Each structure stands twice: as C-alpha cells, then as structure tokens.
Amino acid sequence: MKPLRMACRFPARVPTFIASAALTALLILASMPVTVLGAGTQVNPQDDALEQIWAARSADLADFIAEADDLRTRAENLASPLENGLRATRAQFVRLSGLFHASRGHPTEQLTVVQQMRGIRTALGRSMQPLREIAATINQRLAEIDALKHDLDGLTLSSAAEGLGSTAGSEGLGKFTRDLDATRRTLNSASTRLQRILAPAEIAAQRFDASITSIEQGLPKTWEDYYLTPSGNAVSDLTSAPLLLTEWAQSLDSRMGFAYPRTLSEWFDAAVKFTVAALIMALLGYAGLRGLWSLPARWRKAGDSIIRNAWVWMGAGFSLLAAANNEKGGIYFAFVLCGSLTLIWGIAAMAWRLRVAVLPGLENKPSPVKRLFLPAAFGIVMLFSDLPTRILGIVWGAVVLVFLVRLYIFIRQEPVRKELPMLERVAFGCALAFGALSLLVAVAGYARLAILTYTLLFALVNTITLGNALVALFAAAAARRINKETSPVLRAVVDAVSIPAGWILSLVFTLPWLWAIPGANYMLLLVTSTHYDLGIASFDFSKLLLIAVLFFVCRSLSGAGKVYLDHLPDRIPNVEAGVIPPLRVILVYGIWVLFGIVTLTLVGVNLTSLAVVAGGLSVGIGFGMQNLFNNLVSGIILIFGRSILVGDVVDLPGASGTVEAINIRSTVIRTADRAQIFVPNSTLMSAQFINWTRNGRMVRKSVDVGVAYGTDTARVQTLLLEIAAAQPHVRKAPAPTAAFVNFGASSLDFTLYVFIDNVDNAFSTQSAIRHEINRVFAEQGIEIPFPQMDVHVPGAGAESASVSVQESAEKPEGEERAVPVRS
C-alpha cells in the first residue's frame, strides 16, 4: 500500500490531466506482478491497455505544453512594449521631479505634477497587470509540476526497491517524466524573462507611489504658506505687473492640461458620468416631490420650490463633480470649479427657501446668502486662476470695495433695518465687518488670505441659515409624525436628536467648499491632524468631534430620561409623583458627571492625580461648606425617606403652604399668598413641622360659634350638623360632630368638627359653613352674642352709675364717652 499513499500526494488544485496522469501511474503499479500474501497467486500485466492509457495521458500533456508555449509567447509580446515604455516612464519621472523642485511654494503647480504622476502611474499599472497575471499563472503551473514530479520520482524509487517492474509501464512513465521536465524548462524561461521586465517596472511604480505620497504629505504645509505668505505692496509694485502676467500666462498652459478633457474619448467618458449623475439626481428629485405630501403646508410649499429650483442647480453641480474624475485617476479642475460653485449656489437657494418656511414673513425679503455669493464666487475663480499675488490683491481689493459700498447703501435703508429678523441683520452686519477686514488684509499684501476670509464668512452664514432651518424642519416633522401624548419618550428623543442632526447635516452641505477653495481639503487635513496641548490636556480634531458627539448623546439621554420619569407614575401607579423631581435631578447630574469624566479621560487628564488633589482639598472645603453638605445629605434623606413629598401641605414655624419642589439643597414651599419660601433641608430634618397630607388629602377642620344664654342647646347642635351635612366637600364618613364645649362669659360655646375631602378645599369650606350658620341662625331667631360688660360704680345712683359697654359701643366713633361718678 505504500505506492498508493505516495501517488495521492499531488496538490488539490492540480489540473485534470495531471490528476489523470497520477491515476494512470497508480493503475500501472496496480497491474504490475504483485504477490498476495497468504495466497501464492500472481497477476499478469496487460501491456496493450497500459500503452493506450499512456497515449491518452500524453495527449493531455501535449495540451499542457501548448498552454506553456502560449504563456511564453504572450509574455514576450507584452514584455517588449512594457520594456520600451519603461524608458519613457523613467524620463517622465525625472522631468516631473524637476518640475516639482522648481515649483516650491506653488501648490497649484505641485497639484499639476501630482496629477501627471498619478496618470503615468495608472498607465504603468495597467501595462503591468497582464504580465503580473501571466507570471502568477506560470508560477502556479510550475508549483503543480514540481509537486507531481516529486510524487512520480518517489513512486519510481518505491517500485524499484520492491522489485516491481513492467516494460510498457516503465517506458510510458519515463516519457511522461521527460515531457514534464521539458515543460518546466519552458515555463522557467518565460518566468525569468517576466521577472527581468517586471522588476524594474515594480521599482518605477514604487518610486511614483513614494513621490506622490511625499508630495501630498507636504501639500498641507505648502497650502498654509501659500495663503499666509505676504507679497510686496500691491500699489508700489505695479511696474512689475506685465512681467508677472507673462510668467503667469506661460505657466497657465501646463495647468490647463488637466483642467478639462483633451481627447474625444475623455469628453465621451465625462459626458456619460454627467448623464448618469443627472439621472440619479432627477430620480431623487421626483421621489422628493412624491414625498412632500406628509409635510405641513408651508413646508410642502418650500419643498416644492426647492426641488423645482435649487435642486436643479444642485443636480447640475453634482453631475459636473461626478464628471470631473477622469479615467487616468485625476480630476478636471474646470469641472470641479464650475460644479462646486453651481452646487454651492443651489445649497444657498435651498437654505433661504427653508428659512422662509420657518419665517413666512421673509417672503420677498432680501437674502443675505444670495447677496454674499457673487463676491465669494468671483474670489474662488481668481484663486483657481492663481494670479500673481500683487495683481490679485489689486483686483480683489477693487471688488470688495464696490461690494462694501453697495452693501452699506442697502443696509442703511429703513425697511431693511426694521423688517428683517435678528439673524439676517447680524448676517448683513458681519458681511460689512468681514468685507472691511478682507479689504485691509488685501491691502497688507495677503490677497489669497483676504479671499479666504470672505469665502469663510459666506460659508458660515450659509451654514447657520441652513442649520436653523433644518432644526425647525425636523421639529415640525417630529410634531406631525409622533404624538407627544402617546409616545412622550420617543418624542423627547427625536426632539433632542433633531438639533444635532440639523447642524451636522448643515455641516455636510459645506463639503462643496472643500472642492471650491483651492487647497481647502489639505488645510482641513492639516488642522484635523494637528495635536493641541493645553496644560495637562492634549486633544485633536478627532477627540473634539467625539466629545461633541458624546455631548449630544448625553443631552438626548437626559431629555428622554426626564420625560420618562415624568410619565412614570402614569405607567406604574404605585410610584408617587413627589419622588419624580428628585430622581430627575439625580439622573441629570449623573449623566453629566459621567460625561465630564469621559471628557477628561479623552483629553488626557489623569483622574488619579485629580482624585489626590480633591482629597487634599476636601478637608478644607469640608469645614467651609459643611452647611452645604448637611443640606445635601438632608435632601437625600428627605427624598428617599418620603416624610415629605411634592404637593404636601405643611405647617412650619413661621411658614405654611404647599411643597412645590424638593431640591438637593432646599425645599420650595408656596404659601397661600403665592410667595415661595426656600427652606434648607437641614431645617426640615431638625425642626418639628406638621404635614397635613402625609396620610392623604382629607383633613379635619373645626368651626367655633357661640349662642346667647337661654337658647335651646339641643336645637343648636342639630342645626350645626344639618349645615355641615349640606356642604359638598364635607365627608359623610367620618361623619361631622358638634359639641357643646363651654359656658362662656357672654355665650354658650359650640364647636363643629368636619372632615373635608381635600386640604385644598378646607379654607373655602370653613367660610361656607360660617355663612350658612349666620343665615340659618338668623332665620331660626337664634342670637349670636358678642362680648359685653357692665360697669357698676359703688355709691352711684342706679340710673347714672351704670354704663353698659353695649351702649357706649353704639356711640359714634370719636365722640367722648363720660361715666357719671359721684364725688
């Protein structure tokens, strides 16, 4: 069984004819004379059948040899053009490297060099790809032949060692082995030839890749110097303007070579991309029109206007940007310029239409976004043209001066100052300020920075206008789609998320500025990749972005959590409403404390050191803030001890009213006079107070009344009970009670005790009972006396010596009262 094991060792990916050859070899060995142990019999081979088998396998091997010859021929045919083109590629690399070193400080020319390098690198890669595929196929075939040859050699040696043999089988196997050796030599020759061609080509490709990477890594700093490096005084250097323009015109030809398609095939490829992108935008616009029915009327009107106007501009700009990518891996600068400006104009029109939908009074009012667009577009065109800085400063200064004069005259008009909202007035004011700043920067010699300053103003105004409008749009959509009563938590989450979503989307619409402003993407890369150190904190753009995202996440969680807790008593009846406000405060504080800890960790602040510092300060702070901590602890005990809850009616020393809120530091009590009293929580923990509603809202109140001596007391008691029973807020159970409590100095005193259903109705019910007692007693002839006193003077006559207090009380106010006294 040893020959069988060795014959099955060829790889799984060996072609069919090679597997068949291995199987044939197995059949040869199986047909050789073999002695079966224990049987003593011998099997004779069939030489004719073996010869037929080897003939078939030889035919398969002939096909394989033909494939090897075809691979070698194809390799030769492709290698010669690549070898010849490689010499031209090296020469172009040397030329472009020289151009790059000569264009130091001119990023637009460096971009042209990168464009040309990338095009040559793409063409070189396309020429190398077929040879790479042929080389991979040859290496695969060589590996398969080597594996089979190894197995056949082992098979032959094993058969010879065991004394097995067959003339026909041995001759066929030997011829098959020789043919395999010849095929391997052919493939090795082709592989060597390919390696001699591909190795220099791979080196050239690596040099192009390294150069492109090196130039692009240095472009952010080059663009920074491009905008921040001043030129000479623009007015004093006018004499050199003709020379500067001549040099600029000579360098313009090399840059314009990649500004637009040069051949018919390139124009056709750009037209196809433009058409496909335009169809996609048209389909999206049609879908948007169909979906406008779900919006309110004013938003539906704004959406219809956007799709029929602004969307057309945006679609044209997007299609031009899609057509700007050429087949060589570069971009057409002219398409990028026209496409980005068209897209920006469409976005500005969309932002203003949404703003009008938010404030319908802005209809037919001047738009600051549209008025700021024309100077910004003119400045971007001049930046793309890469005019000399001195000439650029003169041209831009004149443009900004005309713009400022026209804008000032427009703003000084009375209707503009009064009718526009605050955002638009601020936008026009900022336009004046930034325009003046841009003019001063241009005069100082920073012409490119002056244009960049003004365009950033326009981008900022457009972003703020669009962000405000999108937030309002999302809020309107949420109010229409989500019922605040049935889905309060979901509505709170959507309301909280709509604000960051609107602003993030408005920032996404600023992307065309990265294509419009030359070098903006590289400068943004420089800003985002720079690390900033501030004391013990270290952060970069990615960390700031993550912190901003976490802020809005915490804000959403906080809003949703507060709404959920507010509606928790409706979901779980056993939860008292008074516990909700403290829990809400704890939840909000906990979320923001966690946000603060995560933020400090992200910026690299060592929390362990902060804990040590806090531990040292806690001792001193503890003495100075012990009252504050006492109130905090007392507030927590009040919240979870539930001795007092929101809505309870309490009587405190010097104050009484309804508990409005239990905060961490103090408790708010609203008196009957609508005044708010802030009672420290430690006072409620240490002082004695009455909670009228601790066991429910029902409360017992009393009404005192006195009747004249001689009145039927039983009749009075019955009348009091009848009056109490007639009151709507007096509880039937426990029933009212009336008691004859005292023989007063001037009256027989009674007290009526009643249970009122709600403490809020106690005062009004007591007043109603007193009114009814006065009315009923008057009808029944029962006198309600008031205190009176007789003064007797010893020795005086009965007529003049006794003066009744009742009589003196009937004298007019201010009249002197005399008591006759005998001297």
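Is glutamate 772 buried, exposed or partly exposed? Glutamate 772 is partly exposed, with a relative accessible area of 23%, where buried means under 20% relative accessible area, exposed over 50%, and partly exposed in between (1.4 Å probe, protein chains only).

The legends describe a predicted model, in which local features need pLDDT of at least 70 and side-chain atom pairs count only at pLDDT 80 or more, while totals for chains, interfaces and linings use all residues. Residues are numbered from 1 along each chain as its sequence is written, and side-chain values use heavy atoms, with hydrogens and water left out.

View 1. Glu772, Arg775 and Glu779 are joined in a network of salt bridges, a salt bridge being a side-chain nitrogen of Lys or Arg within 4 Å of a carboxyl oxygen of Asp or Glu. Arginine 775 meets glutamate 772 at 2.2 Å, N to O, and these two residues of helix 25 are 3 residues apart, about one turn of the helix. Arginine 775 also forms a salt bridge with glutamate 779, the closest N and O atoms being 2.7 Å apart; here the separation is 4 residues, again about one turn of helix 25. Arginine 775 counts as partly exposed at 38% relative accessibility, whereas glutamate 779, at 55%, counts as exposed. Helices (H or I, at least four residues) and strands (E, at least two) are DSSP runs, numbered from the N terminus.

View 2. A search of the whole structure finds 9 salt bridges. One of them joins the side chains of arginine 670 and glutamate 660 (3.0 Å, N to O).

**View 3. Open sheet of 3 strands in the order 8-10-9.** The pairing in this sheet is antiparallel; two strands pair if DSSP finds at least two bridges between them. Strand 8 (699-707) and strand 9 (737-743) stand at the edges, each with a single partner strand, so one side of each is left without a neighbour in the sheet. From one strand to the next, the twist averages 25°. Strand 8 pairs with strand 10 (residues 748-756) over 9 bridges, and valine 703 stands opposite leucine 752 in strand 10. Helix 24 (residues 713-725) packs on the sheet, touching strand 8, strand 9 and strand 10, and its direction makes about 20° with that of strand 10. Axes are lines fitted to C-alpha atoms, for helices over the stretch in contact, and angles run from 0 to 180 degrees between N-to-C directions; contact means heavy atoms within 4.5 Å.

**View 4. The largest nonpolar core, of 87 residues.** Such a core is a set of buried Ala, Val, Leu, Ile, Met, Phe, Trp, Tyr and Cys residues joined through side-chain atoms within 4.5 Å. The members that touch the most others are Met117, Trp223, Tyr227, Met350, Leu354, Trp396 and Phe458. Helix 9 (residues 333-358) supplies the largest share, 16 residues.
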